Structure formats: C-alpha cells, structure tokens
Amino acid sequence: MRLGVLWLLCLLLTGNVAADSKPITVPMLSDLAADAVQAQREDKPIILFFSLPGCPFCHVVRNNYLQPLLRDSTPKQRPVIREVDISSTQSLRNFDRTTGSPRSIAQRYKVIAAPTVIFVDAAGCMLAPSIVGGDIAGVYGGYLDNAFDMSARKIAAAKKLGGAVKGAVKECPPP
C-alpha cells in the first residue's frame, strides 16, 4: 500500500513537471532586421537553418543539434537561430527592412540543398563556411562548434574595430 502511494505521488509529480515545461522549437524566420538588432546587441551570430518539409536530414539537425542549443542554454547565452523553410511562400522582412521570401534568402546565400546551416553577422555577412547536408558520420556537432568559434572570433574582432564584420568570408552580400 505504501509503495503504491509513493508510486502514485511520483507519477503525479512527474506529470506536473512535464506539463509545466514547454518544448523549445527553432523559430521560423520572419524578421531578419529584428534578429539583426538582437544579434548586434548580444554580440552573437544569427544562425540560419535552411530546411524542407519532410526532410529526414533536416529533422536530425533540428532535433539533435539546434533545439538542444536553445533548450540547454540560459536565455543570455541562447543563440539566435532561425529556420528558413525554402519551400515556403511566406513573406518576411530582410536585413534592410524590405519584404522578401525564404527562397530569396536562400538564393542570396547560394543555398541549394537542405539542410544547410549558415552563420551570419548583424549585417548579413557570412562568418563561417556553410554547413551543407545532414549528420551521416556523427561529426555534425564538431562542424557547429567550429562555425561558432570562427563566428565568435570574427564578431569579437569587429567589435574591437567598432563595427559589423564586412566580408567575413570571401563574399558579403549587400544587406
């Protein structure tokens, strides 16, 4: 009897904890201008995750790598990650506050496959080479770590010089 009461109490407490915690998802891109303001203020890169609906590799990258980055970090340390559904026809706001589409953003960064993850600064300049494809060999976390490190170094160097990084990688598309 006592064991049953303890088991029921544990079950009830576990259910309440699960009900209180909301799953963290990677937000869809809607306003690059607002994301740029946040990234500039917090000295962080903007991570753009280009995906397609039903893409199994996109699912792995989203659920095994990007969502845990959001879930496991404090709000102050949380990276600015936005998902860009390449097939979407939704209207969004570009860095320069003009209206665009997910497809136009993908074209700007020459994204031709999903998943692709890119790191950009608040001006829209790439900070690291694109990470194209899924995690077939189990080293995706290392690719993300390298891109984070490269991005942090470039943002710190730009801050030291007093501005946004321009031409961080060979090409910096105009904002």
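Student: How many aromatic pairs does the count come to?

Tutor: Keep in mind that this is a predicted model. Ring centres of Phe, Tyr and Trp must lie within 6.5 Å to pair, and by this rule the count comes to two aromatic pairs.

Student: Which class describes the aromatic pair of Tyr 65 and Tyr 140?

Tutor: A pair of aromatic rings is described by the distance of the centres and the angle of the planes. For Tyr 65 and Tyr 140 the centres are 5.2 Å apart and the planes make 45 degrees. Planes under 30 degrees apart would count as stacked and over 60 as edge-to-face, so this angle leaves the pair of Tyr 65 and Tyr 140 as tilted.

Student: How many residues apart are the two partners, and which helices hold them?

Tutor: Tyr 65 belongs to helix H3, residues 56-71, while Tyr 140 belongs to helix H5, residues 140-161. The pair thus links distant parts of the chain, with Tyr 65 in H3 and Tyr 140 in H5 being 75 residues apart.

Student: Is Tyr 140 buried or exposed?

Tutor: The relative accessibility of Tyr 140 is 1%. Because buried means under 20%, Tyr 140 counts as buried.

Student: What kind of pair do Phe 119 and Phe 148 form?

Tutor: Phe 119 lies in strand S5 (residues 116-120) and Phe 148 in helix H5, so their pair ties together parts that are 29 residues apart in sequence. Phe 119 is buried at a relative accessible area of 0%, whereas Phe 148 is partly exposed at 21%. With 5.0 Å centre to centre and 80 degrees between the planes, Phe 119 and Phe 148 form a pair that is edge-to-face.

Student: Where on H5 do its buried residues lie, seen down the axis?

Tutor: An α-helix has 3.6 residues a turn, so residues three or four places apart point the same way. In H5, the buried residues are Tyr 140, Leu 144, Ala 147, Ser 151, Ile 155 and Ala 158. Seen down the axis of H5, they fall within an arc of 65 degrees, so they line one face of the helix.

Student: What covers the buried residues of H5?

Tutor: On the other side of H5, Asn 146, Arg 153 and Lys 160 are exposed. The cover over the buried residues of H5 includes H3, S5 and strand S6 (131-132).

Key
Residues numbered from 1 in each chain as written. Predicted model: local features only at pLDDT ≥ 70, side-chain atom pairs only at ≥ 80, totals over all residues. Heavy atoms only, no water. Phe/Tyr/Trp six-rings, centres within 6.5 Å; stacked < 30°, edge-to-face > 60°. Helix = DSSP H or I, 4+ residues; strand = E, 2+ residues; numbered from the N terminus. Buried < 20%, exposed > 50% of the residue type's maximum accessible area, 1.4 Å probe, protein only. Arc of directions from axis to C-beta. Contact = heavy atoms within 4.5 Å.
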